[in-house]
Amino acid sequence: MLEFRVLGPVEVVVDGRPVALPAAKPRALLADLLLNRNRVVSVDRLVDDLWGEQPPDTATKALQGYVSQLRKALGADRLVTKPPGYSLRVDDAELDLARFELLVREGRELLGAGDSKAAAKRFDEALELWRGPPFVEFQAEPFARDAGARLEDARLAALEERIEADLALGRHARLVPELEQLVASEPLRERPRGQLMLALYRSGRQADALELYRRTRETLSEELGIEPSLELQELERRMLQHDPALERARAPARPAEEGAPIPLARRPQFLVLVALALAVVAAIIAAIALTAGSSGKSTSGSGELRSFVDKLEGFLGQSQDGRRAVAAAIDGAFSCKLTPHAALVRLDRVQRNRQSLLQQAAALAVPNTEEALNASDLFQESVHASFDADGHYSDWLAGRKRCGPPDNSPELKAARAADRTATRTKRAFVRVFDPIASRLHERIWSAREF
């Protein structure tokens, strides 16, 4: 069995034994072709990737020599000539990067479906494929710097997802050291900071969690001149208010180890207190029901609707931040305030936030009315449409070597078409949602705001 490995030093392995590969440029060419597997990569693109803006006069001839060397190592049927360039045939099962991407996709689907244990296992399997930093051996080649940064960002995103699954499984105590190390090594990534805040809070260290938020705010202000994300701000607010929902974490589904302390929820004293509390709550509910019945009115429906609208308003605020971040990234790439890679990293962050937003929206309690159900469905459709547009913009940025004004590439045309589709979906949403919000004296939205 032939296996290609790029998640660390580039390797080719046959039946568990490494294949001798040419050094330097031919290996870099192999790495580039693996990133573009099963696609024709033009000679001009390969020359740019390997030599940059000022290639030597002999670059095309040298490239032909490197192709010949790779064919001797891999087989002529693997690396084929297809005008205007070359294509490397690779099955997904043969490439560690493809397996990593598949496992991460499966993990995210499981996490979204609430199966945190299976999700954590998938993410662990994906992360075990990594053998070291990608493409550090090709730092002289222009393509490798951006590609290596993208792969490393994908690894960190998978690690954050695995931590999210572990948090859902109640493993917060064991996560604290790992998250502290991750925050120290990646000080500008906000998601690990929020995860560490939550792990500290659930471990009974509220003061440490709030101090971490204060330090996060200082770091982001000093380094980037920005405030923490709305998600982090909301997390701090909920901690200050001792929101009971922050304590909700499913415990690992395994028997207690012999000699381990009995969890609080299984102690007799705790069960007695819970029974008393439930009795008090039942009495209060009964009193409210009697009052509502005697007055001939019920406020439960309107309260449920107000809670639904408030939650959607919060989601729209998060989506608005994402729209602004996407616009700033694309404009930055057009005006050369950002490199295509820097803009791509920002879009990747927005896409992760949108994924989280979709999970929150899917878990939202929706009143059983036609208008509320329609609003919920249309909001999720609009986030999906925005996610699709972000993906097309990411594809466009990934193919750009330089910043500059808009081009006529198919990727950019597809991104703008997806953006228009997202706007139409948002218009359908606000037509349903704004009348509800207006009745409750909440602000109304336009499709261009989120």
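Asp-390 touches Val-326, Leu-347, Val-350, Gln-351 and Arg-354, once its neighbours within four places in sequence are set aside. Please keep in mind that this is a predicted model.

- You will find Asp-390 in helix H14, which covers residues 370–398.
- The relative accessible area of Asp-390 is 3%, so this residue counts as buried, the cut-off being under 20%.

**Helices H8 and H10**
- Helix H8 (residues 190–202) packs with helix H10 (residues 230–240) at an angle of about 10 degrees, and their axes are 10 Å apart.
- H8 is therefore roughly parallel to H10, since angles under 35 degrees are classed that way.
- On the H8 side, the contact is made by Glu-190, Gly-194, Met-197, Leu-198 and Tyr-201, and these meet Leu-232, Leu-235, Glu-236 and Met-239 in H10.
- Sorted by class, the residues of this H8 and H10 contact are 6 nonpolar, 1 polar and 2 charged.

- An open sheet is built from 3 strands in the order S4-S6-S5, with antiparallel pairing.
- Strands S4 (41–42) and S5 (79–82) are at the edges; each has a single partner strand, so one side of each lacks a neighbour in the sheet.
- S5 pairs with strand S6 (residues 85–88) in the antiparallel sense over 4 bridges.
- Leu-79 has Leu-88 of S6 opposite it.
- Helix H1 (residues 25–35) packs on the sheet and touches S4, S5 and S6, with its direction at about 75 degrees to that of S6.

Notes
Residues numbered from 1 in each chain as written. Predicted model: local features only at pLDDT ≥ 70, side-chain atom pairs only at ≥ 80, totals over all residues. Heavy atoms only, no water. Helix = DSSP H or I, 4+ residues; strand = E, 2+ residues; numbered from the N terminus. Buried < 20%, exposed > 50% of the residue type's maximum accessible area, 1.4 Å probe, protein only. Contact = heavy atoms within 4.5 Å. Axes fitted to C-alpha atoms, helices over the stretch in contact; angles between N-to-C directions. Parallel < 35°, antiparallel > 145°, perpendicular 65-115°, else oblique. Nonpolar A, V, L, I, M, F, W, Y, C, P; charged D, E, K, R; others polar. Pairing = 2+ DSSP bridges.
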